[in-house]
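Here is a friendly note to read alongside the model. Please keep the structure open and look up each residue as you go.

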Amino acid sequence: MACAVSRFLAFGEIMLRLSPPGRELLMQTPKLDVWVAGAEANVATALARLGHDVGFASAVPDNDLGRSAIATLRGHGIDTSGIQRRGERMGLYFVTSGAGMRATEVIYDRAHSSFAQTPAADWDWDTLLTNVDRLHLSGITPALGPISAEAALIAAQAASARGVAVSFDGNFRAKLWERWDSNPRAILHEMVAHADLLFGNHRDIALLLGRDFSSEGEGRRREAADAAFAAFPGLATIASTARHVEDADRHRLSARIDTRAGTAQTEEVVLAGIVDRIGGGDAFAAGVLHALRSGGGPEEAARTGLALAALKHSLPGDASLFRQVDIDAYLAGGLDVRR
């Protein structure tokens, strides 16, 4: 399908994230900070903030929660015409931020949400994919239940049938898959079969292919990438990060892009004084998509993805709100006050 313009479309659940202030435990005091959240919404937000034409397809209840979520995305420059207003429930999740040797904890409260209960037949892909040249999906949507799994598969199929490229972020969520009689490997395998760009590491690929990899470190990642390229003929690029957690406030992060022709690997950067790590992977995905859309090669995509992921760790909430000037300053090492 020929596109008149270059346009991203993300499809997934938009939620609300509730967190106790600062580093408090959940319900330690009767206060919760609220952010609009969701993996695909985070990617859409980051891309829109970077100047891209982005639409979002989802479903929210027609109440103050749903209307506020739509208004937030629209305020970031996202086309929200693909968000249906239906059902009665907004998906929620609670995040208790870690500190020191205490890990961050997530509690989901998203069963029977408006999005999860929207049948596959109620998504008009002829309209939603008009002028779209890339559809972004994640493994969270099929994990929500059989209705969402069918909708996600049909979305990927619809994009492929129309010549729309598909990027897929593995985002494996065991807590969600375990809640229903699911077959994650079969479902995710079918979705990745429609993708040209996969966000995932050797563990995601091991799940997809039902096998382990014998190498270590970078060798294992390349072994996994080669196995994925062999299994999925349409797959052209695999983007991943490697994270080493020293404590809740200090991580080491690197990025890599694997193609059929080779690998681009960044140096490891130290993330100290972390404010919020949630959404870092979504920022990485957006940075990679941004660089590739802007004409960059694998090296630039890895570098830009890592930069946006690193910046996201400095910001509370789920989504990266940074602009190109912020990426440029980060890559130039500009840590002093910008006047």
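A salt bridge here is a side-chain nitrogen of Lys or Arg within 4 Å of a carboxyl oxygen of Asp or Glu. With that in hand, Asp62, Asp64, Arg67 and Arg85 can be picked out as linked in a network of salt bridges.

1. Ground rules. This is a predicted model, in which local features need pLDDT of at least 70 and side-chain atom pairs count only at pLDDT 80 or more, while totals for chains, interfaces and linings use all residues. Residues are numbered from 1 along each chain as its sequence is written, and side-chain values use heavy atoms, with hydrogens and water left out.

2. Helix H2, its length. Helices (H or I, at least four residues) and strands (E, at least two) are DSSP runs, numbered from the N terminus. The expected span of a helix is 1.5 Å times one less than its number of residues. Helix H2 (residues 64-75) has twelve residues and should therefore span 16 Å at 1.5 Å a residue; its end C-alpha atoms are 16 Å apart, which agrees.

3. Buried means under 20% relative accessible area, exposed over 50%, and partly exposed in between (1.4 Å probe, protein chains only). Which residues of H2 are buried? They are Gly66, Ala69, Ile70 and Leu73. These residues cover an arc of only 95° around the axis, which puts them on the same side of H2; the arc is that of the directions from the helix axis to the C-beta atoms. The face turned away from the buried side of H2 carries the exposed residues Asp64 and Gly75. Contact means heavy atoms within 4.5 Å, and what covers the buried residues of H2 includes strand E3 (33-37), helix H1 (39-49), strand E4 (54-60) and strand E5 (79-85).

4. Helix H2, its ends. At the start of H2, a side-chain oxygen of Asn63 comes to within 3.0 Å of the backbone nitrogen of Leu65. Just after H2, Gly77 has a positive phi of about 100°.

5. How many salt bridges does a search of the whole structure find? It finds 21 salt bridges. One of them joins Asp64 and Arg67, with the closest N and O atoms 2.9 Å apart. Both residues lie in helix H2, three residues apart, about one turn of the helix. Asp64 counts as exposed because its relative accessibility is 61%, whereas Arg67, at 36%, counts as partly exposed.

6. A salt bridge between distant parts of the chain. The side chains of Arg162 and Asp126 meet in a salt bridge (2.4 Å, N to O). This pair links distant parts of the chain, 36 residues apart: Arg162 is in the loop between helix H5 (146-161) and strand E9 (165-169), and Asp126 is in helix H3 (residues 125-128). Arg162 is partly exposed, with a relative accessible area of 22%, and Asp126 is exposed, at 54%.

7. Asp258 is found in strand E12 (residues 250-259). A polar contact of 3.1 Å joins the side chains of Asp258 and Arg222. A polar contact is a pair of N or O atoms within 3.5 Å; within protein, one must be able to donate a hydrogen and the other to accept it, and residues adjacent in sequence count only if both atoms are side-chain atoms. Not counting residues up to four places away in sequence, Asp258 touches several residues, including Phe229, Ile238 and Thr263.

8. The nonpolar cores. A nonpolar core is a set of buried Ala, Val, Leu, Ile, Met, Phe, Trp, Tyr and Cys residues joined through side-chain atoms within 4.5 Å. The largest has 56 residues, of which Phe11, Trp123, Trp125, Leu135 and Leu137 touch the most other members. Its largest share, eight residues, comes from H5. Leaving aside neighbours within four places in sequence, Leu137 is in contact with residues including Phe11, Ala152, Val166 and Met191. Apart from this core lies another, of 50 residues, among them Leu18, Ala48, Val60 and Ala301.

9. Two asparagines to check. Asn131 has a positive phi of about 65° although it is not a glycine; Asn131 sits in the loop between H3 and strand E8 (134-138). Asn171 has a positive phi of about 40° and is not a glycine either; Asn171 lies in the loop between E9 and helix H6 (174-177). Asn131 is partly exposed, with a relative accessible area of 29%, whereas Asn171 is buried, at 13%.
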